[in-house]
Amino acid sequence: MDLVAAAKRLREETIPKFVEDILAGYCRVENTEQLKREMHARGINLRFLGKVRSFIDKEKNSKLDEIVCSEMFARTEKQTIRVLMRSIKSKELSSEDVKPV
């Protein structure tokens with residue numbers, strides 16, 4: 001299977017089936033840890049959380065939507081903090097290079 005076909009299958013079959021299985025009770029997702037474990041078990045990378053969310057009826061399944069949104073938010077904030085920490089570390093290193101004699 002080529003890359004384009006695999007990506008299409010993931011978007012059109014695997015992810016929708018994953019959400020259907022959660023809603024039908026075939027897999028248990030009651031928190032973000034279970035969500036991550038189930039996604040990885042099915043070969044779905046966490047970068048597809050937005051796509052997973054797009055298949056959730058937010059009004060009927062607000063708890064699942066909340067779990068997915070929580071993980072999306074946490075991953076976004078984690079990345080923001082990493083960038084900030086690198087910036088701070090970089091400034092600390094550059095200020096250490098210039099020491100008065």
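Visitor: What should I know before we start?
Guide: This is a predicted model, where local features need pLDDT of at least 70 and side-chain atom pairs count only at pLDDT 80 or more, while totals for chains, interfaces and linings use all residues. Residues are numbered from 1 along each chain as its sequence is written, and side-chain values use heavy atoms, with hydrogens and water left out.

Visitor: How many salt bridges are found in the whole structure?
Guide: The search finds six. A salt bridge is a side-chain nitrogen of Lys or Arg within 4 Å of a carboxyl oxygen of Asp or Glu.

Visitor: Which residue meets Asp21 in a salt bridge at 2.8 Å?
Guide: Arg42 does, with that distance taken N to O. The pair links distant parts of the chain, 21 residues apart: Asp21 is in helix H1 (residues 3-24), and Arg42 is in the loop between H2 and helix H3 (49-54). Helices here are DSSP runs of H or I, at least four residues long, numbered from the N terminus.

Visitor: Is Asp21 buried or exposed?
Guide: Asp21 is buried, because its relative accessible area is 8% and buried means under 20%, exposed over 50%, partly exposed in between (1.4 Å probe, protein chains only). Arg42, at 29%, is partly exposed.

Visitor: What network is Asp21 part of?
Guide: Salt bridges link Lys17, Asp21 and Arg42 in a network.

Visitor: And Asp65, what does that pair with?
Guide: Asp65 forms a salt bridge with Arg53, and their closest N and O atoms are 2.5 Å apart. Asp65 lies in helix H4 and Arg53 in helix H3, so the bridge ties together parts twelve residues apart in sequence. Asp65 is buried at 10%, and Arg53 is partly exposed at 26%.

Visitor: Changing topic. Which residues of helix H2 are buried?
Guide: In H2 (residues 32-41) they are Gln34, Leu35 and Met39. Seen down the axis, they fall within an arc of 130°, so they line one face of the helix. That arc is taken from the directions from the helix axis to the C-beta atoms.

Visitor: What about the other side of H2?
Guide: Arg37 and Ala41 are exposed there.

Definitions and conventions: Helices (H or I, at least four residues) and strands (E, at least two) are DSSP runs, numbered from the N terminus.
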